[in-house]
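The paragraphs below walk through one protein model, from the whole chain down to single side-chain pairs. Please keep the sequence and the 3D view open while reading.

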Amino acid sequence: MKHERERLRNLAIIYISLWIFILSFGNTPSWANKKPVKIETIAKKISVCPDWSEVKKDDTKANAEILNCLQAISRYKTDEIRIAIVSLTRETQTDLPTACRIFLLNRYLFKVSKSKLEGEIFGGWAGVPIDKGEIDWLWPFRQTKAGDIELINEFEGYFGSQYQAVKEFDYFRKKFGRRLRRN
């Protein structure tokens with residue numbers, strides 16, 4: 001038992017030493033930069049969702065495709081989805097189609113609702129209902145009596161600074177928590 005602990009300790013020291021050696025050159029090897037396959041899969045699923053900014057309100061087929069896409073992504077673990085969002089926002093500098101996809105995903109994943117506006121808004125989305133100091137975080141969705149989420153509003157525009165997708169994700173996660181997953 002003592003020898004096994006010592007062997008594991010030595011392996012850990014070698015592993016850490018190797019990483020320190022590699023990082024001391026300033027260039028991380030290509031094999032160390034690879035994203036795990038699951039994260040790449042989630043990022044790809046986000047990227048292939050229909051672009052909400054191009055979908056009209058009465059396009060039920062496109063709206064259903066968006067919801068199916070969001071539902072498929074929601075089956076993954078919250079931390080994995082967050083890493084995929086971080087990856088996408090770094091790679092694309094959050095272009096409008098990507099921002100729209102993540103904007104919808106954040107609302108689909110978390111139990112967002114109307115609440116008192118307590119500080120920052122994470123982007124300049126036109127159409128978000130703000131009334132008497134309350135913001136409807138669920139917009140452009142609504143929740144049915146059966147508990148399902150429906151996409152009921154179309155894209156109205158984006159103005160202002162870059163969408164802070166990861167900050168919004170973290171805020172929703174902390175304030176509202178995760179919506180129950182549906183299979």
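The accessible surface of the protein chain is about 11,500 Å², and carbon and sulfur atoms account for 54% of that area; areas come from the Shrake-Rupley method with a 1.4 Å probe, and for residues only the protein chains shown count as cover. The model is predicted: local features need pLDDT of at least 70, side-chain atom pairs count only at pLDDT 80 or more, and totals for chains, interfaces and linings use all residues. Residues are numbered from 1 along each chain as its sequence is written, and side-chain values use heavy atoms, with hydrogens and water left out.

The chain holds seven helices and five strands, in the order α-α-α-α-α-α-β-β-β-β-β-α along the sequence. Helices (H or I, at least four residues) and strands (E, at least two) are DSSP runs, numbered from the N terminus. Of the 183 residues, 40% are buried, where buried means under 20% relative accessible area, exposed over 50%, and partly exposed in between (1.4 Å probe, protein chains only). Of the contacts (heavy atoms within 4.5 Å) between residues at least 6 apart in sequence, 73% join residues at least 24 apart.

Leaving aside residues up to four places away in sequence, I66 touches P50, W52, V55, L104 and L151. E65 also has its place in α4, which spans residues 60–73, but E65 is partly exposed at 38%.

The structure contains seven salt bridges, each defined as a side-chain nitrogen of Lys or Arg within 4 Å of a carboxyl oxygen of Asp or Glu. One of them pairs D79 with R173 at 2.6 Å, N to O. D79 lies in helix α5 (residues 78–92) and R173 in helix α7 (residues 165–175), so this pair ties together parts 94 residues apart in sequence.

Because R107 belongs to helix α6 (residues 96–109), the pair ties together parts 61 residues apart in sequence. What is the burial state of E168? E168 is buried, with a relative accessible area of 2%, and R107 is buried at 3%.
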